[in-house]
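Here are some notes for a colleague who is new to reading structures. Please keep the model open while going through the points.

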Amino acid sequence: ECEADKSVYAVKTLLYSFGDEATAASFKNEVRISSEVSGEHVIRYIYAHDGDEYPELPPYIIMEYAEGGTLADQIEERKKTNSPYSKEELRNLFLQLVAGMKSINKKLVHRDIKPHNIIITEDGIAKVTDFGIAKAVSNSTITAFGTTIGSVHYFSPEHARGGFTDAKSDLYSLGVVMYEMLTGKVPFDADTPVSVALKHMQEKPVEPKELNENIPQVVNDIIMKAMQKDINLRYQSATEMVKDLNTALKLSLIH
């Protein structure tokens with residue numbers, strides 16, 4: 001808590017004794033890029049220290065404190081209590097999440113969009129966080145298969161194969177998040193991470209409408225377009241995806 005303005009902030013730090021080199025590199029990357037993104041649906045970073053100026057201190061980030069829990073926890077709780085999202089809740093959250101991606105992709109490719117990295121505040125506001133493996137949009141982002149970083153259940157096919165990732169890769173991952181919110185399941189699962197990655201590259205997912213008949217066809221189609229394996233058939237930007245969602249709203253198809 002800051003005595004000067006009575007605001008409450010969150011502090012994220014890395015204890016060297018608990019982190020390997022990859023974890024340390026990921027955290028320092030987050031410190032470096034933490035000021036690159038801003039927006040209502042992105043966690044606001046206040047100050048970051050990468051450990052270079054004061055080497056006696058571990059790297060740390062001071063950020064906005066958002067009272068609430070993760071979308072992952074929320075999805076799990078709703079599954080346990082058999083309380084699916086209402087159409088109004090889904091409409092609001094979907095628009096907020098796409099707005100968050102629009103803010104992020106102006107500067108960065110997040111590369112780890114998943115429910116665990118989305119905070120839902122007590123007021124129902126969605127905020128994307130955790131930019132540890134993000135890259136600047138101007139960079140060519142390629143990682144060798146088998147050493148990819150992130151959460152394989154939400155990988156885009158190109159991320160899974162270690163190829164070039166960009167904003168369209170984040171939108172694929174967002175499509176997976178929406179799929180899980182609507183169905184309570186991720187589109188691909190298997191016994192090993194490699195098997196899940198191969199499914200993202202090779203298999204067509206069961207359409208969400210087949211798992212939840214209450215999903216309007218237009219919403220089903222939006223999610224399936226976001227999750228196209230061919231990046232040229234996918235949404236090319238968050239702005240394009242917002243337009244389709246707004247059209248669905250105007251047609252009263254997801255009210």
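1. Which residues in α3 are buried? They are Leu90, Arg91, Leu93, Phe94, Gln96, Leu97, Val98, Gly100, Met101, Ser103, Ile104 and Asn105. An α-helix has 3.6 residues a turn, so residues three or four places apart point the same way. The helix α3 itself has 19 residues and reaches 27 Å from its first C-alpha to its last, close to the 27 Å expected at 1.5 Å a residue.

2. A word on the whole chain. Please bear in mind that this is a predicted model. The protein has nine helices and eight strands. Of its 255 residues, 46% are buried. Among contacts between residues at least 6 apart in sequence, 63% join residues at least 24 apart.

3. Leaving out residues up to four places away in sequence, Phe94 touches Met178, Met181, Leu182, Val219 and Leu245.

4. Val196 counts as buried because its relative accessibility is 1%, and the cut-off for buried is under 20%. Apart from neighbours within four places in sequence, Val196 is in contact with Val152, His153, Phe188, Asp189 and Ala190. Val196 and Val152 are 44 residues apart in sequence, yet their C-alpha atoms are 6.7 Å apart in space.

5. Where is empty space left? Rolling a probe the size of a water molecule over the atoms shows this. The largest pocket has a volume of about 430 Å³. It is lined by 23 residues, of which Pro84, Tyr85, Met181, Leu182 and Asn212 lie nearest its centre. At least two lining residues come from each of α2, α3 and α5. By class, the lining of this pocket has 11 nonpolar, seven polar and five charged residues.

6. There is also one cavity of 30 Å³ or more. The space in the largest cavity is about 70 Å³. Its lining includes Arg111, Asp112, Ile113, Tyr154, Phe155 and His159. Helix α5 (residues 167-183) supplies the largest share of this lining, three residues. By class, the lining of the cavity has three nonpolar, six polar and three charged residues.

7. Asn82 is not a glycine, but has a positive phi of about 55°. Asn82 sits in the loop between α2 and α3. The other residue is Arg111, also not a glycine, with a positive phi near 75°. Arg111 lies in the loop between β5 (108-109) and β6.

8. Are these two residues buried or exposed? Asn82 is exposed, because its relative accessible area is 67% and the cut-off for exposed is over 50%. Arg111 counts as buried, at 8% relative accessibility. Arg111 is also one of the residues lining the largest cavity.

Key. Residues are numbered from 1 along each chain as its sequence is written. This is a predicted model: local features need pLDDT of at least 70, side-chain atom pairs count only at pLDDT 80 or more; totals for chains, interfaces and linings use all residues. Side-chain values use heavy atoms; hydrogens and water are left out. On a 1 Å grid over the protein atoms alone, a cavity is a set of points where a 1.4 Å probe fits but cannot get out, and a pocket is an open set with protein on both sides within 12 Å along at least five of seven lines; lining residues have an atom within 4 Å of a point. Grid points are joined across faces, edges and corners, and a volume is the space filled by probe spheres set on the points. Helices (H or I, at least four residues) and strands (E, at least two) are DSSP runs, numbered from the N terminus. Ala, Val, Leu, Ile, Met, Phe, Trp, Tyr, Cys and Pro count as nonpolar, Asp, Glu, Lys and Arg as charged, and the others, Gly among them, as polar. Contact means heavy atoms within 4.5 Å. Buried means under 20% relative accessible area, exposed over 50%, partly exposed in between (1.4 Å probe, protein chains only). The expected span of a helix is 1.5 Å times one less than its number of residues.
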